[in-house]
Amino acid sequence: MPFTRRDFLKRGALFLAMGVTAPTFLTRTAQVLAEEDDACMTGPNVKRVLVVIQLGGGNDGLNNVVPYGDPLYYKARPTLAVKQSDVLPLTDYIGLNPNLTPLKALYDEGHAAIIQAVGYPNPNRSHFRSTDIWTSGRPDIVEQTGWLGRYIDNTCSGEDRPLYAVDAADTVSKLFWTGHSIVPAISSIANFDFLTDGRFPNDRNNQIEALKLLNNGASGHDYNDYVRRAALDALDTSDQLKKVAASYRSTVQYPNTGFARGLQMIAKLINADLGTRIFHITIGGFDTHAGQSRTHGLLLKTVAEGAQAFLRDIEGFGRADDVMLMTFSEFGRRVMENGSQGTDHGTAAPLYIMGGGMNPGVFGDAPSLADLDSNGDLKFKLDFRSVYGTLVQDWLGGDTTNIIGAGSFPRIGFVRAPASTGRASDEQASRAAVAALAAK
């Protein structure tokens, strides 16, 4: 029996290969996409790359950036508190968890910043809903697109580059959900390939034959146009990635962890200079309701060691000032430890920014342990949309209007201004705005 277009679509092989998520792809055709302006790969920020690291499960901020100068911290956590003698001091009040020694080294080198007490109004403590809020960038409504997906649609759509963004995973995060664009999920360069029916050998000639069969369908349907475009992108991307795997060379020894291997894959893609501007990678396990000390410490070590190796690698092929990493988690943890030597779902937590093209330091004030909300949780002081807006406007060079949404979200001065622009006053104003928000 011949292999038909219906068989091809029933198998869903293309979408498995591409990791495609496109909630509203039926609303526009490939022809319209091709006519859009090409803006993503032009301008002064053309080489800049953003890597978003998601700490899945709810990262305990108080045991990341430790308020070791506050006795209330030790009173609230008799078994979980990090000993004062083990803290890596940043000031006489706060310091880093000892498992974050590689991050402290980056901080001392001027390649890391800490943004304190980040959250949003009326915080949600559900994993699903809060993750949805952080990935969509919209705490006030249920949004069907991601904030980086909107950036891609508003800034990058229409380019003949299927790799302007990549999710280092098996599926595409809602961060990248868009109405119009295709973002691939690539968990492994070696394994990424265009899949066809099992009766065909997986070689390029038969892939093209499968595409020809697919193209025999009616040409006027948005669905068919979308699938054809995704299929052609998959073939092109597969070929590009094979070249990437063959050309990458590095002297950096990455840790033997899945997270570090994912970051190394991202480094390979950056080194190949395929035009990819945004990456996302997730490490889970941060939902530490019981036995937190050991689990959380190992997770922090994994993140810090992986990030340090990645940045050393990037530096080795001359892209240190072009790459910025940002961490986020769906929420922090409760101030009080629970009866299982763990912590339950909480609210505000710090974010880390790492890279070469940045202003290091601590932004914002530490959350108060003496002034908690009605649930006994930390009050946020900086809205996460200020972080997102800073990344979009100052790092990626985009317009925040259709990405972050309505409201006043002052930029935070962690992006280093080019020396020729004279934007030192902008940075000072940003720090002043952060201080004013924290004082409210």
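**Close-up 1. Helices H10 and H11 cross in a right-handed sense.** In this predicted model, the near helix is turned clockwise from the far one by less than a right angle, which is what right-handed means. H10 spans residues 258-272, and its axis comes within 9 Å of the H11 axis at roughly 20 degrees. Axes are lines fitted to C-alpha atoms over the stretch in contact, with angles from 0 to 180 degrees between N-to-C directions. The two helices are therefore roughly parallel (angles under 35 degrees). Phe259, Leu263 and Ile270 are among the H10 residues in the contact, and Val303, Phe310 and Ile314 are among those of H11. Contact means heavy atoms within 4.5 Å. The contact residues divide into ten nonpolar, two polar and one charged.

**Close-up 2. Helix H5 packs on H11 at about 40 degrees.** H5 covers residues 101-108, H11 covers residues 292-316, and their axes lie 7 Å apart. Pro102, Leu103, Ala105 and Leu106 of H5 meet H11 residues including Glu305 and Arg312. Nonpolar covers Ala, Val, Leu, Ile, Met, Phe, Trp, Tyr, Cys and Pro; charged covers Asp, Glu, Lys and Arg; the others, Gly among them, are polar.

**Close-up 3. Three strands form an open antiparallel sheet, in the order E2-E4-E3.** E2 (65-66) and E3 (88-89) each have a single partner strand, so one side of each lacks a neighbour in the sheet. E3 pairs with E4 (residues 95-96) over two bridges; pairing needs at least two, as found by DSSP. Pro89 stands opposite Gly95. Helices (H or I, at least four residues) and strands (E, at least two) are DSSP runs, numbered from the N terminus.

**Notes.** Residues are numbered from 1 along each chain as its sequence is written. In this predicted model, local features need pLDDT of at least 70 and side-chain atom pairs count only at pLDDT 80 or more, while totals for chains, interfaces and linings use all residues; side-chain values use heavy atoms, without hydrogens and water.

Key: Parallel < 35°, antiparallel > 145°, perpendicular 65-115°, else oblique.
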